[in-house]
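Here is a protein model to read together. Each question asks what lies behind a term, and each answer sets a value against a rule.

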Amino acid sequence: MIKKTMLALATGVSLAFAFPAFAQDVRIGLMAGLTGPYASEGQDTKRIIELMIEDLNAKGGINGNKVQLVIEDDGSSPGTAATAATRLASTKVPAVIGTYGSAVTEASQDIFDEAGIVQIGTGSTSIRLTEKGYERFFRTAPRDDEQGRVAEESLNKLGFKTVAILHDSTAYAKGLADELKAQIDKNGRVNTVFFDALVPGESDYSVVLTKLKSANPDAIFFTGYYPEVGLLLRQKKEIGLDAPIIGGDASNHVDLIKIAGKDAAKGYRFISPPLPTDLDTPVTKEFLASYKAKYGTYPGSIWSVASGDAFIALVEAIKAKGADSEAIADYLHNDLKDVQGLSGKISFNEKGDRVGDLYRLYEVDGDGNFVLQPE
Amino acid sequence: MDIFITQLSNGLAIGSIYALVALGYTMVYGILRLINFAHGDLFTIGAYFGLTILVSFALQGNVSPLIIPWILIIMAAIGVAIIGFLLERVAYRPLRNANRLAAVVSAFGASIFFANALKLIYSPNRQSYPADIINLPNIPIFGVDIQSKRLIMFGTAVLLMALLYWYINHTRTGTAIRAVAIDQGAAKLMGINVNKIISLVFIIGPALGGAAGVLMGLFYGQIHPEMGFSFGLKAFVAAIIGGIGNIPGAMLGGLLLGVVEAIAGGYVSGSWKDAIAFGALIVILIFRPTGILGERVADKI
Amino acid sequence: MEALKQTRHIGFWTGIVFFALMAVLAIALESSSGGNTWLRTLNNIGIFTALALSLNIILGQTGLFNMGHIAFFALGAYVTAVLNSVLGWPIIYTLPFAACITALFAFVVALPVIHLRGDYLLVVTIGISEILRIAFVNDIFGLTQGPNGITGIQRIELFGYRFMSQFAQFYLIWGFVAITACLFYFLEHSRFGRALNYIKYDEVAASGNGVNIVRYKLIAFALGAFWAGMVGTIYAPFIRTISPGLFEFKESVLLFAIVILAGGGNIVGIVLASFLLVGMRDVLTMFGDWSMLLFGLMMVVIMIIRPQGIMKPRRRQYNAGHLVGKFPSGIGKKAGLSAGNQAEVVE
């Protein structure tokens, strides 16, 4: 009797929670920070993927099968990301795109790995993400050791002898700061005269700027995210600190200009993979045209565009091998070679890292445009 | 030495903001024994109101830059005062006779509600006040160039605190507020309308918080929906350091916290500065269990 | 005594039925296709329930305003993570260490501040938890790996069985919750529990009756922290990557809210309140941008509807009937009037 009741109860509940299944459609997961501090990145990512799926489905999908998107919000925070990843894992998608922020991505890695799902990180450059030996983790973002190398190269090329390194204690920024410091110490061409952190999300950075002023460096390298960069630029001007700020790739976002004001932002330089508008391949041009047509602007940053690269790679893999996680991972590791993506050619090495040197130096001009500097 | 004075001015400036927010905490606490955790978000709302007024009335360029801050501060203060009044009516008054921790939980709920309402209305992205509203020259003090905006912030905070102090101690209504703070029942017997007084406190406190929000936006530039949480927490700490319920104490606590943070950030490490500020709080409370200016209350037996 | 026994039985059997139903629910969810998400939600609730029960000893039973409880949880999780991920210990061996180190930490930090009253203690506990979190961010002693946190924490292994799936962990977590609830239930009704309650309702009278206030308060703190440290040990392999971002002040607030909403000290109430608040927070995410707005609104509304908490704090009850007529005046008369009713301690 009890057994029967239990069984009945179990069936009842399982029916209540059952999801309808779509046999024909190919489902792809997207984990993005739709809310939280990096929400503008996440929202843009969602727009790009939705647009690309729309276009793809209009052309008949993958081998005649329509593509469906399953979206979860990671809230730009590791805790929420773990929950979002479990939700996605339980929908049994073969592959997931995302996400922005190394710490956020890291919190989801184990969960996807355990579920055997392919994950392609988009805005996560922290080195150790691909050093853990996960066979189904890839990323379309470059790595921080590469960025650190290019940063040191650029500092030297620009003729700075002493540099102050400032980070914001986030996983990514601390990692990049350490990497840059290591490169500087190794090559001995530039001197580090300052190494400290600020607290992200605050409104007043005059204390740290005053401290920087007293350290008197030739240049300040800030490895954090764009909102803080904007504020630093603005308050640096007010405080009368003349040393220029140079930033990492997380400052590649148009909101920077809005926060700092065009005056204060002029002359700001940063290291970043090239912006889509600076690439003149047909694929990129076509994408930008259709994005502009649908949303009225160009994408705000390179990282949402990197999610488009992830999508292109996934579509190639599914087209060739079908929607099976193992086959996709195998294809991405071994067979995907120099496919034309939105931010350049895509191929992955055995660790799942993107191959190729991607970093360029940018400078902000007087009108708030990001101008690619000649090599 | 120059650097030290500059850091001191940095600390006093941000401390002025903490102090203004702390005044709201301390008034509400003094009268209801309620930690109004939503107060930090009222501060944020003030900052957003200021920006909205600035942008939607196209004040910049049409009105003298010397008048703009006052228009913004007064209008935002009125707006936030209305919200503060409603907050008390909706979220706290029904809990007046319940366990006082119930009201604290309700305050947290209200805090989450406000922050997310702002996100929905203004987007979760950070917003910025235009960079060129007020351009004032630096003023040399002890041979160091001090930004005049620092002095304005400090001056405004001291002025508002002094006004409030005078109002509480030297007017009839102020006397009523003090009476309600000491004993609600007795105050009622003396013919004081306790509900009215409490509403009044929930108008004054949020108005000050709203004004602080505008100052923040004007002088530091960037605002975001979640900033009230950390500002609120720090202002609360400031109120406790000074002795909660005590108006000059809130001012003192705010300025002290600002300076401790600036010195810690400037001379020790930016990443440890909040930890040092909290450490200072704990040390102060170990030696002065009711804050610097707080009265030692004897146990009522 | 009769009445006391009866109510005890009711609480006990409600518990048994509840945990049995939960076990069935888990089987049902496991066999349904979207069930894994729900299992995870339930597991989250379980973690918070156990945590709230440990906070309950400090806040609900003793009346100490601890709003930094997440720090003890964090410390437990970090001890486990370091021992497991860096030194390679099996998770289960780290359990006593996580618990004891956390308890010791709680004892040491509480010692100088335990005499602080109400809200002053509240802000100090917030301070302690923030300091600890910042220390984790700054990679203290080179152990916590900074803002990235510690990755690659293994799953719990017991008798050769590895708790991997949400389903397996469900039994682990809720089994722990059941043990916790049971132990704390007996604790509440012990001499020790009564002393804590005494302190909560009247510190002066308690001290007058020979209860060593400082000692009991410290023990309550250490005991709550001890348990929170163990929950940390269970949480670390559950989430597998421990970083300071998981232990923000907001989580302490949520725990605090659970205990207050429960109705101060009531175990059944705590389970219900955890379901309500943690469950809601998970479920409401389906409303996207609106979710947290609704969550905040809900907190306010629930408090207004149930200002005394979900379960009204149940006072210790004594049947005064047998006292009738035993005293010549005063007490006897009073008892006579309320004969059959129970005397109530007023808060």
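Q: What makes the segment of E8(A), helix H8 and E9(A) a β-α-β unit, and which hand does the unit have?
A: This is a predicted model. In it, strand E8(A), helix H8 (residues 226–239) of chain A and strand E9(A) make up the unit, and the unit is right-handed.

Q: Where does H8(A) lie, and at what angle does H8(A) run to E9(A)?
A: H8(A) lies across E8 and E9 of chain A. The angle to E9(A) is about 175°.

Q: What is the order of the 7 strands in the open sheet of chain A, and which strands are at the edges?
A: The order is E7-E6-E8-E9-E10-E13-E14, and the pairing is mixed. Strand E7 (191–197) and strand E14 (370–372) of chain A are the edge strands, as each pairs on one side only. From one strand to the next, the twist averages 25°.

Q: What is the order of the 5 strands in the open sheet of chain A, and what is the sense of the pairing?
A: The order is E2-E1-E3-E4-E5, with parallel pairing.

Q: Why are E2 and E5 of chain A said to stand at the edges?
A: Strand E2 (67–73) and strand E5 (137–139) each have a single partner strand, so one side of each has no neighbour in the sheet. Neighbouring strands here are turned by 25° against each other on average, direction ignored.

Q: How many bridges pair E3 and E4 of chain A?
A: Strand E3 (residues 95–97) and strand E4 (residues 118–121) of chain A share 3 bridges, in the parallel sense. A:Gln119 in E4(A) is the bridge partner of A:Val96. Helix H4 (residues 102–115) of chain A lies across E1 (26–32), E3, E4 and E5. H4(A) runs at about 165° to E4(A).

Q: Why does the radius of gyration of chain A agree with a compact globule?
A: Chain A has 375 residues, and a compact globule of that length would have a radius near 21 Å. The value for chain A is 22 Å, so the two agree. Its C-alpha atoms fill a box of roughly 80 × 50 × 40 Å along the principal axes.

Q: What share of chain A counts as buried, and what makes a residue buried?
A: A residue is buried if 20 or more other C-beta atoms lie within 10 Å of its own. By that rule, 57% of the 375 residues of chain A are buried. In chain C, 52% of 347 residues are.

Q: How many helices and strands do chain A and chain C have?
A: Chain A has 13 helices and 14 strands. Chain C has 13 helices and 2 strands.

Q: How many residues of chain C touch chain A, and which element gives the largest share?
A: 31 residues of chain C are in contact with 31 residues of chain A. The largest share of the chain C side, 6 residues, comes from H1(C). By class, that side has 11 nonpolar, 16 polar and 4 charged residues.

Q: How many residues does chain C give to its contact with chain B, and which helix gives the most?
A: Chain C gives 33 residues and chain B gives 36. H5(C) gives the most to the chain C side, with 10 residues. That side has 24 nonpolar, 6 polar and 3 charged residues.

Conventions:
Residues are numbered from 1 along each chain as its sequence is written. Chains are lettered from A and ligands numbered from 1 in the order in which they are written. This is a predicted model: local features need pLDDT of at least 70, side-chain atom pairs count only at pLDDT 80 or more; totals for chains, interfaces and linings use all residues. Two strands pair if DSSP finds at least two bridges between them. Helices (H or I, at least four residues) and strands (E, at least two) are DSSP runs, numbered from the N terminus. Axes are lines fitted to C-alpha atoms, for helices over the stretch in contact, and angles run from 0 to 180 degrees between N-to-C directions. Two residues are in contact if their C-beta atoms, placed from the backbone, lie within 7 Å. Ala, Val, Leu, Ile, Met, Phe, Trp, Tyr, Cys and Pro count as nonpolar, Asp, Glu, Lys and Arg as charged, and the others, Gly among them, as polar. A crossover is right-handed if, with the strands pointing away from the viewer, the path from the first strand over the helix to the second runs clockwise. A residue is buried if 20 or more other C-beta atoms lie within 10 Å of its own, exposed if 12 or fewer, and partly exposed in between; C-beta atoms are placed from the backbone. The radius of gyration is taken over C-alpha atoms; the globule rule is 2.2 Å times the number of residues to the power 0.38.
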